[in-house]
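Please find below a note on the model under review.

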Amino acid sequence: MMATYETVIGLEIHVELNTRSKIFCSCATAFGEAPNVNTCPVCLGLPGVMPVLNQEVVNLAVKAGNALGCEINLINKMDRKNYFYPDLPKAYQISQFDLPVCTGGFVDVLAEGKKTRVNLTRIHIEEDAGKLIHLEDEAYTLVDYNRGGVPLIEIVTEPDIRSAAEAVAFLKKLRAILVYSGISDCRMEQGSMRADVNISLREVGFQGLNTKVEIKNMNSMKEVFKAVKKEESRQLQLYTYGEGHKVVQETRRWDQAKGRTLSMRSKEDAHDYRYFPEPDLPPVKIDGEWVESIRATLPELPDEKKQRMMTTYGLKEAEVDILIEEKEIAEFFEATVVESGEARESANWIITEVLRVMKHEARIPLSPRQLADLVLEVRKGTISRTAAKEVFEVLLTREDETAAIIEEMGLKQISSADALEGIIQGVLEENPQAVADYRAGRTQSFGFLMGRCMKASKGKGNPGIVKQVLEDKLGS
Amino acid sequence: MDIAKMTIKAIHTGLENKDFKAEEVTRAYLARIKAFDQGIGAFLSLDEAGAIAMSRGIDEKIQGGEAPGLLTGVPLAVKDNLCTRGLKTTCASRMLEDFVPPYDATVVGRLRERGAVILGKANMDEFAMGSSNENSAFYPVKNPWDMTRVSGGSSGGPAAAVAAGFAPYALGSDTGGSIRMPASFCGLVGVKPTYGAVSRYGLIAFGSSLDQVGPFARTVEDAAIALEGIEGFDPKDATSVEGRVRGGYTASMLSGVKGIRIGVPREFFAQGVDPEVKKTVLRAVKRLEALGAEVEEFSLPITESGLSAYYMISSAEASSNLGRYDGVRFGYRTRDYDGFEEMVVKSRTEAFGQEVKRRIMLGTYVLSSGYYDAYYKKAMLFRQKVRRLFKEAFEVYDAVVSPTVPVLPFKLGEKTQDPLAMYLADLFTVNVNIAGIPAISLPAGFSEGGLPVGIQFMGDHFEETKLFRIAYALEQDLGLNLVPELKEVK
């Protein structure tokens with residue numbers, strides 16, 4: 001009988017911390033500046049300079065540890081990781097080796113209907129490297145050191161993840177927690193969150209770990225999903241045909257354009273990083289009470305928010321999951337509810353309309369007030385649902401009050417029975433046959449008459465009222 | 001004004017009393033350097049224009065009624081591994097032959113603020129690796145007391161500059177004896193302060209956990225004044241120590257040695273120590289006893305293992321510290337290369353000297369996986385032991401005494417083919433750096449052939465005060481004449 005295999009995944013996630021200045025000097029961390037603007041002798045590694053640890057980096061790392069249920073190591077230390085590369089000015093990266101700032105911790109994820117606890121191995125502090133810019137048709141490479149010395153935490157998971165979907169669910173949840181806590185903006189497209197994926201396969205029931213492959217520097221959730229799927233099937237094929245030995249420990253690169261992984265270097269070419277304690281920095285000593293004070297600054301985290309929103313607003317788990325994935329959306333939702341008092345309708349509008357628009361836009365395109373008013377106008381019957389969608393489209397481009405736009409567009413519904421009376425009477429007089437059919441018991445002609453009435457009101461008739469008046473008249 | 005014999009104190013008094021001008025002092029030193037340094041090689045570069053401009057500015061201030069501080073208008077030589085803004089800082093290496101730092105080392109900045117006049121940058125062993133100053137990529141430094149002999153290293157340039165009367169004091173750095181050893185060979189006072197007492201910011205790193213900046217001077221008092229000028233917490237150096245009350249050495253050193261307990265570690269006077277060195281040092285110890293110090297022999301078995309541990313730790317750190325010299329951003333870059341790796345390999349191969357390469361290889365080896373535990377980790381464990389043994393000793397003694405160097409200044413070329421024999425010169429100095437404690441070396445007398453012999457006092461962390469006290473008492477008692485005769489070399 002053929003064996004069945006399961007996928008075993010562990011992740012290493014690099015996250016840039018939300019600090020104003022770099023980890024060992026006072027240069028700015030701002031993204032998108034002209035090359036090498038945010039540099040100084042310290043982050044350029046000039047001879048004689050020394051690093052001084054930015055206390056805010058420790059604060060944020062401890063905060064991350066608190067948010068992820070880690071144990072905070074009250075004494076931890078920095079180490080040097082030595083290797084030559086043009087983006088690494090000192091030829092060593094200051095990182096943490098055997099005494100990281102946090103150990104343990106976990107993230108609970110829900111993927112494909114299955115709940116899993118992904119345990120964390122550790123979180124450590126380190127500095128980012130610069131960026132190489134390879135020019136086409138040029139024999140040289142340029143280096144931009146703006147990113148060099150930007151503070152990072154590296155979060156390492158246990159091999160607890162079993163599928164591409166779970167890996168993505170984990171990353172989304174982790175991202176939400178870190179963004180909620182103000183630890184990082186986690187913009188994968190800007191490189192402020194990057195994932196290395198370690199993946200291996202094993203026969204179901206086998207408890208050990210087989211040879212793993214590392215896919216480096218993934219910078220979007222979509223690509224993580226695709227890369228895992230692809231690597232999974234590559235390895236499965238090898239195992240299935242009895243060629244499991246051909247899965248070798250190596251680092252592979254994800255070729256996004258071609259949709260496949262390519263070997264970068266094998267274990268034999270792996271660096272010997274010659275880690276040793278950083279002599280320029282004393283050990284990092286953390287006060288236990290201070291850890292508690294940092295814990296107290298944590299905002300409501302996604303799991304707590306989810307529970308509260310389900311209870312308070314009576315929304316379904318799946319809906320809340322969508323609303324809380326982005327902190328700003330959750331905040332927008334709650335602000336809209338405060339203005340409108342309508343949780344269900346507000347949630348519907350955000351899930352179907354606002355998020356649709358945001359697939360192509362980074363910012364929330366209207367204010368909570370505007371959306372709340374729209375919800376209220378629909379409920380009051382001032383405008384129809386169909387008209388409301390037209391109003392919504394206009395609200396995306398303007399800051400005016402919702403009522404003013406409805407007025408301007410002339411979309412106000414006619415909800416007064418008196419005002420509709422004449423229009424409906426006219427329709428009945430013009431369509432005697434349909435009236436006769438209805439009265440003869442062929443009630444399907446009601447729909448036809450309803451349509452005529454709406455058309456005669458130029459779409460502004462409140463359908464509920466129109467229906468009521470029409471029924472009254474036909475019945476009489 | 002006999003410039004060759006001037007001390008910081010004498011220059012200060014002269015400026016205060018307006019006996020002479022700062023510019024005259026600076027010009028006198030520059031003239032002497034030009035007359036004699038060709039034969040010695042103490043300087044790698046001079047900053048004549050800067051020094052004259054600085055001293056003129058000082059004169060204007062003094063003229064305007066400003067009272068000069070102790071270091072104001074006083075010239076000095078700075079070892080070429082201390083960054084000086086706008087002045088080449090080469091580490092005596094081809095690698096940094098054209099490197100001009102855009103910033104001052106903290107110690108340099110502090111001295112400039114105090115009105116110090118930097119004459120130039122002093123020669124050294126390449127990247128401070130060496131014990132004879134023969135590893136300079138440019139030229140060796142000769143001992144002003146005997147030009148056929150070495151100055152000692154790695155701060156041979158600053159030492160020779162002060163000994164030859166090119167400057168009243170100088171700044172050096174000491175990783176395993178690099179101040180004390182040349183101070184001993186050149187008949188000077190040299191201080192290696194407590195690790196963390198003086199900022200390392202701007203000192204081009206060799207062994208970061210061992211390096212300290214310190215002064216060379218002709219007198220104990222001058223050394224104390226110079227140390228007071230550079231020490232203290234620096235927010236740019238995370239290993240510098242905050243909150244220690246410092247200074248006051250020149251006042252407290254006058255209190256004598258009565259009741260001071262001095263330990264004499266047997267192992268530091270054992271075989272391998274030149275008999276003349278041993279005799280001279282023990283004679284000085286006897287003098288201290290006569291002055292009221294309590295002297296006692298004890299055992300401190302750290303010398304040989306300490307030397308091994310030192311070479312492993314310092315080389316490990318150096319292998320990492322020197323990684324940045326890859327030809328990418330600054331320093332030497334090879335002419336022809338194909339790709340990044342070849343550029344790095346060729347640049348480093350061409351621009352580093354033999355000794356630097358030897359240490360990088362040693363350091364890389366002891367840190368590499370599979371060897372780390374057997375070498376680096378073991379050395380770090382021994383380091384803890386050295387600290388503990390010193391702590392225990394300082395529970396009993398105020399200071400521990402030893403010869404600074406086991407041998408007399410040796411001939412140029414004598415040990416260059418035998419690195420191990422060269423390393424043995426550091427036998428008595430390295431443990432001080434391993435433990436991070438302070439030590440002072442001062443002249444104890446001369447050999448029969450007229451070569452200076454240094455005596456070293458080691459103290460507990462931040463106990464420089466006691467060391468200055470002992471050194472001052474001994475210096476006053478010995479009353480040595482410490483000015484060598486120089487022959488002009490054209």
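1. Conventions. This is a predicted model, in which local features need pLDDT of at least 70 and side-chain atom pairs count only at pLDDT 80 or more, whereas totals for chains, interfaces and linings use all residues. Residues are numbered from 1 along each chain as its sequence is written, and chains are lettered from A and ligands numbered from 1 in the order in which they are written.

2. Form of chain B. Chain B has 16 helices and 13 strands (DSSP runs of H or I with at least four residues, and of E with at least two).

3. Contact between chains. Chain A contributes 25 residues and chain B 35 residues, two residues being in contact if their C-beta atoms, placed from the backbone, lie within 7 Å. On the side of chain A, 17 are nonpolar, 3 polar and 5 charged (nonpolar: Ala, Val, Leu, Ile, Met, Phe, Trp, Tyr, Cys and Pro; charged: Asp, Glu, Lys and Arg; polar: the others, Gly among them).

4. Domains of chain A. An automatic or database assignment gives domain 1 (5-292), domain 2 (300-409) and domain 3 (417-475). The centres of domain 2 and domain 3 of chain A, over C-alpha atoms, are separated by 34 Å.

5. Helix α7 of chain A. The 14 residues of α7 (residues 327-340) reach 20 Å from first C-alpha to last, close to the expected 20 Å (1.5 Å times one less than the number of residues). Its buried residues include A:Phe332, A:Phe333 and A:Val337, buried meaning that 20 or more other C-beta atoms, placed from the backbone, lie within 10 Å of a residue's own. Among the elements covering them are α2 (164-180) and α9 (368-380) of chain A. Just after α7(A), A:Gly341 takes a positive phi of about 70°.

6. Nonpolar cores. The largest core has 253 residues (buried Ala, Val, Leu, Ile, Met, Phe, Trp, Tyr and Cys joined through C-beta atoms within 7 Å). Helix α2(A) gives the most to this core, with 11 residues. Domain 1 and domain 2 of chain A both give residues to this core, so it lies between them. A second, separate core of 11 residues includes A:Ile423 and A:Leu449.

Technical notes:
A residue is buried if 20 or more other C-beta atoms lie within 10 Å of its own, exposed if 12 or fewer, and partly exposed in between; C-beta atoms are placed from the backbone.
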